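Colleague: I'm new to this one. Can you walk me through it?

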Amino acid sequence: MTDRDEIVDIAARYTWAIDTRDYGALADVFTPDAYALLGGEACHGLGAIQDRVARALDPLDASQHLVGSHVVDLGIEGNPDRARHRCQFQAQHCREGANYIVAGSYSDRFVRTADGWRIEHRVLDVTWTEGDLSVLRRG
C-alpha cells in the first residue's frame with residue numbers, strides 16, 4: 001500500500017470506527033496526543049477525541065459518515081514522515097425517525113509512526129447542514 005493509500009484508508013477507518021461505535025479503534029487513527037477540533041470543541045489527546053465522538057453519536061439510532069475528494073500532500077515541511085490530508089464528508093445522523101445531515105471537510109496533519117500513519121491534528125469545518133437539528137440535542 002502506498003503512503004497515499006494508507007492515509008486515505010485511515011480517513012475511512014475513522015468513519016467506520018465512529019459509525020460502529022468502536023471508539024477503541026480510533027487508536028489506529030490518531031496519535032495518543034492528537035488534537036482535534038470537532039463541532040467547535042477542542043479535544044486534546046486520544047481519550048478526549050473518543051469522549052467527544054461518543055457524546056455526539058451514542059444518543060443516535062444510527063449515523064453514517066462518508067468521505068471523499070481526498071487530497072494528500074506528502075513530505076510537508078521537508079519531512080517524508082509528515083503529510084497533509086484534506087477530504088470532504090457528508091454525515092447523516094438518525095434518531096427516532098428524524099434526520100440531520102452535516103457536510104463539510106476534514107483538514108488533517110498526519111505523521112508516520114512505528115505503527116503506520118496517524119492523524120496528529122484534525123479540524124472539522126462545516127459547509128452546510130440540513131434537517132432536524134434536534135436529532136443531535138435529544139437524549
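Modeller: A definition to begin with: rings of Phe, Tyr and Trp count as a pair if their centres lie within 6.5 Å. Planes under 30 degrees apart are called stacked, and over 60 edge-to-face. Keep in mind that this is a predicted model.

Colleague: Okay. How many aromatic pairs does the structure hold?

Modeller: Three. One of them is Tyr14 with Phe30, an edge-to-face pair.

Colleague: Where do Tyr14 and Phe30 lie in the chain?

Modeller: Tyr14 is in helix α1 and Phe30 is in strand β1, residues 30-38. They are 16 residues apart, and the pair links distant parts of the chain.

Colleague: Is Tyr14 buried or exposed? And why?

Modeller: Tyr14 is buried, because its relative accessible area is 3% and the cut-off for buried is under 20%. Phe30 is buried too, at 1%.

Colleague: What about Phe89 and Tyr106, stacked or edge-to-face?

Modeller: Stacked, because the planes are at 25° and stacked needs under 30 degrees. The ring centres are 4.6 Å apart.

Colleague: Which strands do those two lie in?

Modeller: Phe89 lies in β4 and Tyr106 in β5. They are 17 residues apart in sequence, so the pair ties those parts together. Phe89 is buried, with a relative accessible area of 4%. Tyr106 is also buried, at 2%.

Colleague: Which residues do the ring pairs link into a cluster?

Modeller: Tyr14, Phe30, Phe89 and Tyr106.

Colleague: And where is Arg122 relative to the ring of Tyr106?

Modeller: The charged end of Arg122 sits over that ring, 3.9 Å from its centre. Arg122 also lies over the face of Tyr14, at 4.5 Å from the ring centre.

Colleague: New topic. What volume does the largest pocket have?

Modeller: About 400 Å³. It is lined by 19 residues. The closest to the centre are Gly39, Arg52, Ala56, His93 and Leu124.

Colleague: Which element gives the largest share of that lining?

Modeller: Helix α2, with four residues. Its span is 46-57. Other elements that each supply at least two residues include α1 (3-19), β4 (82-95), β5 (98-113) and β6 (116-131).

Colleague: How many nonpolar, polar and charged residues are in the lining?

Modeller: There are 14 nonpolar, four polar and one charged.

Notes:
Residues numbered from 1 in each chain as written. Predicted model: local features only at pLDDT ≥ 70, side-chain atom pairs only at ≥ 80, totals over all residues. Heavy atoms only, no water. 1 Å grid on protein atoms, 1.4 Å probe; cavity = no way out; pocket = protein on both sides within 12 Å on 5 of 7 lines; lining within 4 Å. Points joined across faces, edges and corners; volume = space filled by probe spheres on them. Nonpolar A, V, L, I, M, F, W, Y, C, P; charged D, E, K, R; others polar. Phe/Tyr/Trp six-rings, centres within 6.5 Å; stacked < 30°, edge-to-face > 60°. Buried < 20%, exposed > 50% of the residue type's maximum accessible area, 1.4 Å probe, protein only. Lys NZ or Arg CZ within 6 Å of the ring centre and 35° of its normal.
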